[in-house]
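Biologist: Please show the model, and let us then discuss it by question and answer.

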Amino acid sequence: MLKRVAVLLFALAGSLVVTQASAQAGPPTDAAGSWDYITAVEGVRVAGCNTFLTLTESDEFDGMINGDSNPDLGTSTVVLHCNGSVSFHGRLYFDEVTVDGRTGSMVMLTQGRLAAGDLEWSGQWTILSASDGLYGLHGNGSWWGPGAGGPGLPGELYYDGKVHFSP
């Protein structure tokens with residue numbers, strides 16, 4: 001009987017800690033702004049009628065996410081598909097970026113697509129990790145815009161989504 005009471009008290013204490021931690025997380029905050037970038041081609045590979053471009057890029061985010069990516073760390077791949085569509089997959093590294101008033105480092109995954117015949121890109125972004133003043137940061141959302149006319153040309157995109165800090 002005493003053992004059951006001890007287990008019950010331990011479980012109750014654990015649930016109070018989880019409830020308190022959940023309450024401290026707070027609601028997600030809207031994130032929106034602009035994303036300017038420029039790319040440089042580092043490699044080209046052809047597979048059938050698809051062309052794969054390995055790129056480095058310099059990115060500048062303004063708005064809720066505010067800072068520049070480190071072009072020496074980030075890499076991205078653009079695939080020019082046989083059907084005329086284009087897909088993009090990239091990982092952006094920020095040595096110092098400010099999000100919702102806090103500053104630290106962050107890694108962001110970006111993925112997108114330009115359908116054949118379309119004039120505007122669309123995609124998703126997800127915060128993979130954050131440290132220093134951004135420790136506990138989570139977030140994701142969408143991005144869209146005309147992009148760049150090709151490597152070496154400035155591109156312009158817009159983003160929105162949600163961010164929040166876990167305790």
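Biologist: Which residues lie nearest the centre of the largest pocket?

Modeller: This is a predicted model, in which local features need pLDDT of at least 70, side-chain atom pairs count only at pLDDT 80 or more, and totals for chains, interfaces and linings use all residues. Residues are numbered from 1 along each chain as its sequence is written, and side-chain values use heavy atoms, with hydrogens and water left out. On a 1 Å grid over the protein atoms alone, a pocket is an open set of points where a 1.4 Å probe fits, with protein on both sides within 12 Å along at least five of seven lines; lining residues have an atom within 4 Å of a point. The largest pocket is lined by 18 residues, and those nearest its centre are Tyr37, Val78, Trp121, Ala148 and Gly150.

Biologist: What is the volume of this pocket, and how many charged residues does its lining have?

Modeller: A volume is the space filled by probe spheres set on the grid points, which are joined across faces, edges and corners; for the largest pocket it is about 340 Å³. Ala, Val, Leu, Ile, Met, Phe, Trp, Tyr, Cys and Pro count as nonpolar, Asp, Glu, Lys and Arg as charged, and the others, Gly among them, as polar. On that basis the lining has 14 nonpolar residues, three polar residues and, as for charged residues, one.

Biologist: Is serine 34 buried or exposed?

Modeller: Serine 34 lies in strand E1. Leaving aside neighbours within four places in sequence, serine 34 is in contact (heavy atoms within 4.5 Å) with Glu60, Phe61, Asp62, Leu157, Tyr158 and Tyr159. Buried means under 20% relative accessible area, exposed over 50%, and partly exposed in between, with a 1.4 Å probe and protein chains only. Because its relative accessibility is 19%, serine 34 counts as buried.

Biologist: Why is the disulfide between cysteine 49 and cysteine 82 described as right-handed?

Modeller: A disulfide is a pair of cysteine sulfur atoms within 2.5 Å, and here cysteine 49 is joined to cysteine 82 at S to S 1.5 Å. The pair is 33 residues apart, with cysteine 49 in the loop between E1 and E2 and cysteine 82 in the loop between E4 and E5. The disulfide is right-handed because the torsion about the S-S bond is about 105°.

Biologist: How far apart in space are glycine 139 and aspartate 30?

Modeller: Glycine 139 is in strand E8 (residues 137-147) and is buried, with a relative accessible area of 12%. Glycine 139 and aspartate 30 are 109 residues apart in sequence, whereas their C-alpha to C-alpha separation is 9.7 Å.

Methods
Helix = DSSP H or I, 4+ residues; strand = E, 2+ residues; numbered from the N terminus.
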